Amino acid sequence: MRPGRRAVSFGTVVVTITLLLGAAPSAEAGPPPTLRLFAGTSTVEVERQPDGLVWVDPGTWIAAVGGGFELVLGRPDYQTPISVEQVDPRTGMVVRTLPTELLDGWFGMRDFLHVSVRDGRGRLVLRQAITFCPNGYTRARLSDEGPMTSSYPSFCGGNPFTRGMVWGIDDHWAVGAVSDYGLVFDAPGRRYRVRVWIDPAWVEALDIAGDGAETLVTVEVTGRGQPGSEPPRPLAPPGRPSASVPVVTTPDPMALPDLIALPAWGMSTYHRKGRDYLGFSATEWNEGPGTLVVEGFRGPDQDLMDAFQYFLVDGRPVGRTPIGHLEFHPAHRHWHFQQFTEYTMLDAHSGEVAVSGKQSWCLANTDAIDLSVPNANWTAFGGDLFTMCGGPSALWIREILDVGWGDTYSQFVAGQAFDITDLPNGEYYVRVHVNPAGSMLEGSTANNVEDRLIKLRGKPGYRRVIVPPWNGIDTEGGCYFCA
């Protein structure tokens, strides 16, 4: 339960307020918050499976309008049917009582959405009604005017003994309309039109505006291995970073991360298509005291997200600064932060001889490096990979590297591993450089570069690498990331 919210049974406070203040909020309070439907992308690209079927997330969203949207469901005993009221999240006052028959039990808003799919000739391929859960797992913060984290559970449902439930969408947040279900249909053609609309009964019950009750999305279908079109573009993203979080150039030192490069490790060589490669793993970590928080917001007709670093004190954002962009990675099907780390090979005279093509990241807490440092987050493993990585229809990304944690990537594919075909045997260094462009603000940059000595041996097609211990640590004996 959030601080300041009612802590008594459903309806008790409502009755008290009604007796003391009268029935409903005054006209000056404005219309109650409602919902709107919109498409995050005009075109979605999907791949046809061997059986001819496709699975489609059309990238449609439901957002709160006019404030936070909250529904409270409850029953005073097990003999009484479930009732549902829309409540003002700020005051707890009831703003609407909705018909019980609109509910799908504890599981959501019955037939809230309808979807139709038509092929290029206009023939109906699929039509279905969908129960909508405002507490859906797929969520997006539309601007930093909204709270840092969602206030509501990430599920709808209950068991035979459930007495009460709260569904909601925070102000300046949205929930995926179809993302938690997806659409599956046979797709022999190339192009399909998806229409999504809100049921008229819900439009009337929630006073939803006409332009927020329907949207269209084009689906482009490709076969396996076929080149696709460019990443989809947003139709009408409803939010941007706002003045509610000021731009700062000298943030509180306690809000700054300290990004540290660790030496490359887990190295091995391989031969492919006439070329020799050196694969490796690398870890960068955050010693704190501040958490690294990067958020991206997608603007109109942009294939990049504008990226901002946020500075938190006691878990609340006190400032931000622009730091570049997030880009959509077509091969990985998610968003990466550009220029987090740079990997290079140097010769014995510190001359650059090779550069890894890996230059963008989907940050996640993969390795606990030092959980004894101040402000370390002991339970940060993994994180929410949807919000950290997203997908083609994402409107917003939040990537986090918590205090005490590192992010490990392994480079063993062409374009990321070092091409050593033309390098003679001898001594080299693999350099890991975190924050190479200096775009992220941090407490120190003195520990951003780490060089690891290696020795190349062998003949073309049969190259091998010798990796001496680092500070007495043999990193190659128990490597879980080696090819």
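Reader: Are phenylalanine 112 and tryptophan 202 buried or exposed?

Author: The model is predicted: local features need pLDDT of at least 70, side-chain atom pairs count only at pLDDT 80 or more, and totals for chains, interfaces and linings use all residues. Residues are numbered from 1 along each chain as its sequence is written, and side-chain values use heavy atoms, with hydrogens and water left out. Relative accessible area (1.4 Å probe, protein chains only) under 20% counts as buried, over 50% as exposed and in between as partly exposed. Phenylalanine 112 and tryptophan 202 are both buried.

Reader: What aromatic pair geometry do phenylalanine 112 and tryptophan 202 form?

Author: Rings of Phe, Tyr and Trp (its six-membered ring) pair if their centres lie within 6.5 Å; planes under 30 degrees apart are stacked, over 60 edge-to-face and the rest tilted. For phenylalanine 112 and tryptophan 202, the centres are 5.7 Å apart and the planes make 65 degrees, hence the class is edge-to-face.

Reader: How many residues apart in sequence are the parts tied together by this pair?

Author: Helices (H or I, at least four residues) and strands (E, at least two) are DSSP runs, numbered from the N terminus. Phenylalanine 112 belongs to strand S8 (residues 109–119) and tryptophan 202 to helix H2 (residues 200–206), so the separation of the parts in residues is 90.

Reader: Which cysteines does the disulfide join?

Author: A search of the whole structure finds one disulfide, a term for a pair of cysteine sulfur atoms within 2.5 Å. With an S to S distance of 2.1 Å, the bonded residues are cysteine 133 and cysteine 156.
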